[in-house]
Amino acid sequence: MDMPSKTPDFFDTGALVGVLTTQPLDRVLDYRAPEGGCWLGAYVEVPLGPRKVLGVVWGPGRGDFDLSKIRAVNRVLDVAPMREEMRLFIEKSAAYTLTPLTAMLRLATRAPGLGDPPSMRKVYRLGDGEPPRMTDARTRVLDAAREMGGMSLTLKELAEAAGVTPSVVKGLVKSGAILEEDTPRDTAFPRLDAEYGGKELTEDQAAAAEVLRAGQRAGRYETVLLKGVTGSGKTEVYLEAVAEALRQGRQALVLLPEIALSAEFLTRVEARFGARPAEWHSGVTMTERRRVWRMVGEGKAQVVVGARSALFLPFQNLGVIVVDEEHDTSYKQEDGVLYNARDMAVLRASILGAQVVLASATPALESWANADAGKYKRLVLTSRFGPAVMPQMRAIDMRAEDLPSGTWISPTLQAAVRARMEKGEQALLFLNRRGYAPVTLCRACGEQIACDHCDARMVEHRFLKRLICHQCGESKPVPEICPSCQVEGKLAAVGPGVERLAEEAAAKFPDTRIAVLSSDLFGTARELKAQIETIAAGGADIIIGTQLVAKGHNFPHLTLVGVIDSDLGLQGSDLRAAERTFQLMRQVAGRAGRAEKPGQALLQTFQPEHPVIRAILAGDEEAFWKAEADERRLAGMPPYGRLAGIILSGGDVAKVFDLGNYLARNDAALRRVDAVVWGPAPAPIARVRGRHRVRLLVKAPKGVALQGALADWVGQVKLTGDLRMAIDIDPQSFF
């Protein structure tokens with residue numbers, strides 16, 4: 001809801017104020033303004049029962065109960081008040097995603113120690129001293145501190161990184177092996193210079209950049225879809241929009257889908273503007289995260305490069321939001337608050353009057369449809385930058401290949417890899433499956449080893465010597481004896497994962513250096529970045545990777561991409577299966593031939609005549625999008641209709657189904673807006689962490705006020721015991 005215009009900007013001492021806290025109460029609480037008063041939007045510490053909690057002054061108090069019991073705000077925090085546009089963004093995004101306001105506020109206050117005076121904060125880093133006696137725990141602390149390359153960590157961060165108690169870290173302070181220091185004052189980030197390092201642009205890059213610069217100068221809301229083949233220089237173009245924002249005295253935000261991309265990207269930003277921007281993602285230390293949050297709010301951080309949560313930083317004057325690889329599924333948060341950062345970026349920019357640039361070689365169908373309908377501007381870069389050309393793409397028909405049992409690299413692909421090795425070039429073998437094998441099967445009784453807490457098969461990770469559940473993270477050693485029939489020595493790995501592929505590649509190409517790129521093999525973002533830099537510098541001959549490698553990395557020596565199982569994404573009933581396969585294959589193929597050497601992409605498939613595989617090989621993207629759009633339009637599916645997923649969960653499967661059946665029968669609120677409900681049915685993964693999961697799907701025509709109808713519909717039931725409900729507006733996955 002919009003805020004009433006008569007809300008005062010300042011509340012005098014003792015005035016009634018409404019404070020929204022970060023606690024799960026979902027209502028604004030009344031307090032008295034503290035000594036000296038407080039501004040609307042002030043970050044405050046308030047008493048709640050016996051605790052002191054963080055909150056924001058949201059408006060005047062309601063005063064609708066015993067005024068003598070209303071307590072005073074403890075203190076106002078020394079940070080810039082929350083701006084009106086930010087409060088409006090929190091309210092609108094909460095209303096759109098049907099999320100409690102308090103949960104949205106938590107996203108906007110994820111800066112640790114905001115309320116602590118600096119004297120309370122200590123940080124720890126590697127010192128020069130030697131402890132009198134070394135233990136395994138102490139060694140782990142020193143290794144963790146060394147790995148952070150001299151960066152300062154909080155006591156909790158360092159202890160968690162080393163897997164020890166805080167007392168072990170404190171014990172090392174006495175000998176000087178670890179230094180304990182007062183937290184440095186939060187300082188401004190170095191100024192970025194828009195004129196510093198602009199590159200010579202090609203004709204179509206220069207034309208696109210001018211459109212973006214003109215949009216910045218106009219200072220109005222607009223969304224631009226910047227589409228260009230992989231390697232066409234989209235980054236250089238959208239950095240011109242960032243440069244124009246800096247010239248206009250505004251801030252810029254660049255969202256990336258993967259932390260591992262940030263190292264290379266930060267180097268590019270520094271080369272363009274002469275200084276490093278601020279970074280915001282889970283790999284950044286707590287101390288640095290607080291500094292970024294405060295400096296963004298004071299306008300002393302001009303550009304932020306970050307993950308999806310950077311969208312909730314308290315920008316003072318945001319001029320442009322870039323969503324790089326905008327089609328990427330990691331922009332959708334799938335737990336806690338369920339939101340899509342791409343859609344929320346458009347919402348925030350529309351409130352601010354800012355520009356959004358959605359950049360991708362393979363846009364999401366939603367973005368393509370919005371550009372097609374004229375809601376978004378569309379800029380297309382048609383050629384690769386410099387001498388690079390798009391890789392030649394070809395299918396390997398696996399039905400005609402002579403492939404021995406238990407192997408996955410076809411003779412045709414093997415010959416192509418060998419030819420690249422002889423030229424001293426790199427090859428990438430792509431398989432979108434982590435681990436060694438997706439299923440461990442008993443050959444005596446047919447039992448597949450499943451997670452004890454989920455309805456998911458456990459995946460063998462041979463490097464870790466464990467079976468791991470990719471749903472809940474549960475892990476256990478690989479058993480010798482079948483847990484079902486007790487027969488020994490009959491357990492077998494079925495199907496390939498990247499680790500198994502690496503084993504096969506090592507046998508087939510014995511004199512090559514093989515690197516495996518999979519998110520589960522790296523303990524920290526720092527290790528992953530280091531491995532990517534090593535590969536880019538030529539430190540491996542064959543790269544074996546999951547979808548992590550599809551996301552914008554630049555490997556200049558890479559000339560061959562072999563996709564082991566092109567059909568993998570086409571299986572299953574996912575609404576977006578065709579779109580995702582198309583995007584992933586095009587993105588992976590785009591890794592090849594990004595420098596002078598021409599590249600080739602070979603797709604192993606058992607379905608070479610499948611329309612998606614044919615569209616990928618033909619490179620006719622417009623034909624693919626039009627066909628996919630027509631199919632969705634006929635079915636009334638997004639983006640030509642609306643969907644909402646409702647996941648009910650609990651320990652007792654009967655109670656969960658009873659709740660689902662009650663909702664399905666009492667659907668009058670949905671019928672009023674022509675929405676239909678499907679289900680209840682067991683979710684595709686029907687049990688996670690011991691909780692049974694039941695799914696309902698609501699489908700409605702485009703343009704209806706679905707959120708209000710959903711709120712009325714689910715408002716009929718009160719959740720009791722351990723029953724939980726999650727509402728996912730515009731679901732991206734259907735697990």
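Which residue lies over the face of Y640? Select Y640 and look above its ring: R633 is there, at 4.4 Å from the ring centre. Keep in mind throughout that this model is predicted.

**Stop 1: another charge over a ring**

Now select W280 and R289. R289 lies over the face of W280, at 6.0 Å from the ring centre.

**Stop 2: the domains**

Zoom out and colour by domain. The protein is divided into five parts, listed here:

- Domain 1 covers 10-84 + 102-109.
- Domain 2 covers 120-184.
- Domain 3 covers 203-381.
- Domain 4 covers 392-436 + 495-629.
- Domain 5 covers 641-729.

Find domain 1 and domain 4. Their C-alpha centres lie 53 Å apart.

**Stop 3: the aromatic rings**

The whole structure has eight aromatic pairs. Select F89 and F312 for one of them. The ring centres are 5.3 Å apart, and the planes make an angle of 35°. That makes the pair tilted. F89 belongs to helix α1 (residues 84-97), while F312 sits in the loop between β13 (303-306) and β14 (318-324). The pair therefore ties together parts that are 223 residues apart in sequence.

Y339 lies in the loop between β14 and α10 (341-352). F312 and Y339 are 27 residues apart in sequence, so their pair also ties together separate parts. Y339 is buried, with a relative accessible area of 1%. Show the three residues together: F89, F312 and Y339 form one aromatic cluster.

**Stop 4: salt bridges**

How many salt bridges does the structure hold? There are 38. Visit three of them.

Start with R75 and E45. Their side chains meet in a salt bridge, 3.4 Å from N to O. This pair links distant parts of the chain, 30 residues apart. R75 is in strand β7 (residues 75-76), and E45 is in strand β5 (residues 43-48). R75 counts as partly exposed, at 32% relative accessibility. E45 counts as buried, at 15%.

Next, select R268 and E236. Their salt bridge is 3.0 Å, N to O. R268 lies in helix α8 (residues 262-273) and E236 in helix α7 (residues 234-247), so the pair ties together parts that are 32 residues apart in sequence. R268 is partly exposed at 31% relative accessibility. E236 is buried, with a relative accessible area of 11%.

Then go to K626 and E622. Where do they lie? Both are in helix α17 (residues 621-635), four residues apart, about one turn of the helix. K626 is partly exposed, with a relative accessible area of 46%. E622 also counts as partly exposed, at 25% relative accessibility.

**Last stop: a network**

Finish by selecting E195, E210, R213, R217, E240, E244, R247 and R272. What links them? They are joined in a network of salt bridges.

Note on methods: Residues numbered from 1 in each chain as written. Predicted model: local features only at pLDDT ≥ 70, side-chain atom pairs only at ≥ 80, totals over all residues. Heavy atoms only, no water. Salt bridge = Lys/Arg side-chain N within 4 Å of Asp/Glu carboxyl O. Helix = DSSP H or I, 4+ residues; strand = E, 2+ residues; numbered from the N terminus. Buried < 20%, exposed > 50% of the residue type's maximum accessible area, 1.4 Å probe, protein only. Domains from an automatic or database assignment. Phe/Tyr/Trp six-rings, centres within 6.5 Å; stacked < 30°, edge-to-face > 60°. Lys NZ or Arg CZ within 6 Å of the ring centre and 35° of its normal.
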